[in-house]
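Reader: I would like to learn how to read a structure like this one. Please take me through its features one at a time.

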Amino acid sequence: MTKLLIRFFIKNPDNTGDASVREAYGILAGAVGIACNILLGAVKFLIGIMSGSVAIQADAVNNLADVGSSAVMLIGAKLAGRPADKEHPYGHARMEYIAALVIAFLIFLVGFELGKESILKIISPMPVDFSFAMIAVLVCSIFIKLWMSRFTANIGRRIDSAAMSAATSDSIADVVSTGAILVSSLIGYFGGINLDGYIGVLVAGFVFYAGIGILRNTISPLMGEAPDDRTVSELYRRILSYEGIIGIHDLMVHSYGPGKRIASAHAEVRADSDIMTIHEVIDTAEREIGAEMGILLTLHLDPVEVDNELLNETKAKIALLLREIDPAIGFHDFRMVSGENRTNLIFDIVVRPGTSLAEQQRLTKRIADAVKEMDPTYVCILSVDMDFGGTCES
């Protein structure tokens, strides 16, 4: 069914880097969610009223709230597909994260109302009428929600969408909650035990848990998270594959939403390279890697002396010294500028993200003192970089 819907409604479904294709996927998922949840919510609400089950009524309200979630997902997909403008030069792809946040808050609202009604039912229990029509509706609901979870998960994998992941989590929570209601109904009928209110509280707990998971997975990329190891490794591998590029540092990757990543790095080249030739290499790397990985890549050309024996020997000593101080520290842009009575060692050290200013100052002083012990004529001029790329390169 999923493949049929995608083939029927999505043009060029494999071209997920295209904003219009992503938008079409979002609209399809939102429309399917609205249709399924309206049907489930209406039928469950009718059955819940007829049977007197607060748990089924709450589950129906949950489905009707999911209609709002699907509408938010649809609107979010439309807004995320808007092109860049003066106010938003990097596009609107982060609207998918905003949509996921709205879905999470709707889920919390439903969970709160569901829990409140269930607690009232525990305090003042009411008999629940059993019918096989009720069981049939609950079973059908479980199967539909299972299919919806697979449907949104499939689309989410295709377009790397936080909103789809949120919708998938919501559907799975609905499966659990409806399954719990089904079990309580059977226990009530065959065992004579009224668990309706208690199951309602349990369902509310699952709903809250799903909302917390969505918040956790959405807030992090909105705040700006570190790139994944796979992306960093792939960027290093590809950049270093170009002839003339001998090292990389200061790699930074920014995400402005699914499919909207911007990366920059300093590409080290031999200082005696032909400037026009190496500039062409840098331009080619930016263009080809950007197209292959779907990243807007900018490389800064950084000349490095490689045949200076004194510089290489001193650099090796500094590398050993830094490893003794802290193996996680990296360094780059190493230069030596000799004067009449002193030699300035100018380089950047790379520390872990979150290293406090006080710790940075302690490290730079410790390094400067250690270098001074190595040679009293050496004076360190240090800058501190954060390891935004997730790996230290020296």
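Author: What follows goes through the sheets, the helices on them, the salt bridges and a surface patch.

Author: This is a predicted model, in which local features need pLDDT of at least 70 and side-chain atom pairs count only at pLDDT 80 or more, while totals for chains, interfaces and linings use all residues. Residues are numbered from 1 along each chain as its sequence is written, and side-chain values use heavy atoms, with hydrogens and water left out.

Reader: Which strands make up the open sheet that contains S1, and in what order?

Author: Strands of a sheet pair through backbone hydrogen bonds, either parallel or antiparallel. Strands (E, at least two residues) and helices (H or I, at least four) are DSSP runs numbered from the N terminus, and two strands pair if DSSP finds at least two bridges between them. Here three strands form an open sheet in the order S1-S2-S3, and the pairing is mixed. Strand S1 (245–255) and strand S3 (295–304) stand at the edges with a single partner strand each, so one side of each has no neighbour in the sheet. From one strand to the next, the twist averages 15 degrees.

Reader: How many bridges join S1 to S2?

Author: Eight bridges join S1 to strand S2 (residues 261–270), and the two run antiparallel. Opposite Ile245 stands Val269 in S2.

Reader: Which strands does helix H8 touch, and at what angle to S1 does it run?

Author: Contact means heavy atoms within 4.5 Å. Axes are lines fitted to C-alpha atoms, for helices over the stretch in contact, and angles run from 0 to 180 degrees between N-to-C directions. Helix H8 (residues 229–240) packs on the sheet and touches S1, S2 and S3, with its direction at about 145 degrees to that of S1. Helix H9 (residues 275–293) also packs on the sheet, touching S1, S2 and S3, and makes about 155 degrees with the direction of S3.

Reader: What is the order of the strands in the sheet that contains S4?

Author: The order is S4-S5-S6, in an open sheet of three strands with mixed pairing. At its edges are strand S4 (330–338) and strand S6 (378–386), each having a single partner strand, so one side of each is left without a neighbour in the sheet. Direction ignored, neighbouring strands of this sheet are turned by 15 degrees against each other on average. S4 and strand S5 (residues 343–351) run antiparallel and are joined by seven bridges. Arg335 has Ile346 in S5 as its bridge partner.

Reader: Which helices lie across strands of this sheet?

Author: Helix H10 (residues 309–325) lies across S4, S5 and S6, at about 140 degrees to S4. Helix H11 (residues 357–374) lies across S5 and S6, at about 150 degrees to S6.

Reader: Thr314 is in helix H10. Is Thr314 buried or exposed?

Author: Buried means under 20% relative accessible area, exposed means over 50%, and partly exposed lies in between (1.4 Å probe, protein chains only). Thr314 has a relative accessible area of 2%, so this residue is buried. Leaving aside residues up to four places away in sequence, Thr314 touches Phe334, Met336, Leu345 and Tyr378.

Reader: How many salt bridges are found in the whole structure?

Author: A salt bridge is a side-chain nitrogen of Lys or Arg within 4 Å of a carboxyl oxygen of Asp or Glu. The search finds 10 of them. One of them joins Asp174 and Lys145, whose closest N and O atoms are 2.9 Å apart. This pair links distant parts of the chain, with Asp174 in helix H6 (residues 162–191) and Lys145 in helix H5 (residues 132–159), 29 residues apart. Both Asp174 and Lys145 are buried.

Reader: Where do Glu234 and Arg238 lie?

Author: Both lie in helix H8, four residues apart, about one turn of the helix. Glu234 counts as partly exposed, at 23% relative accessibility. A network of salt bridges links Glu234, Arg237, Arg238 and Glu292.

Reader: Which residues form the nonpolar patch on the surface?

Author: Patches are made of residues with over 30% relative accessible area and no salt bridge, with like charges joined within 9 Å and nonpolar side chains (Val, Leu, Ile, Met, Phe, Trp, Tyr) within 5 Å. Accessible areas come from the Shrake-Rupley method with a 1.4 Å probe, and for residues only the protein chains shown count as cover. The nonpolar patch consists of Ile119, Leu120, Ile123 and Val201, with about 370 Å² of accessible area together. Helix H4 (residues 95–123) supplies the largest share, three residues. Ile123 lies in helix H4 and is exposed, with a relative accessible area of 61%.
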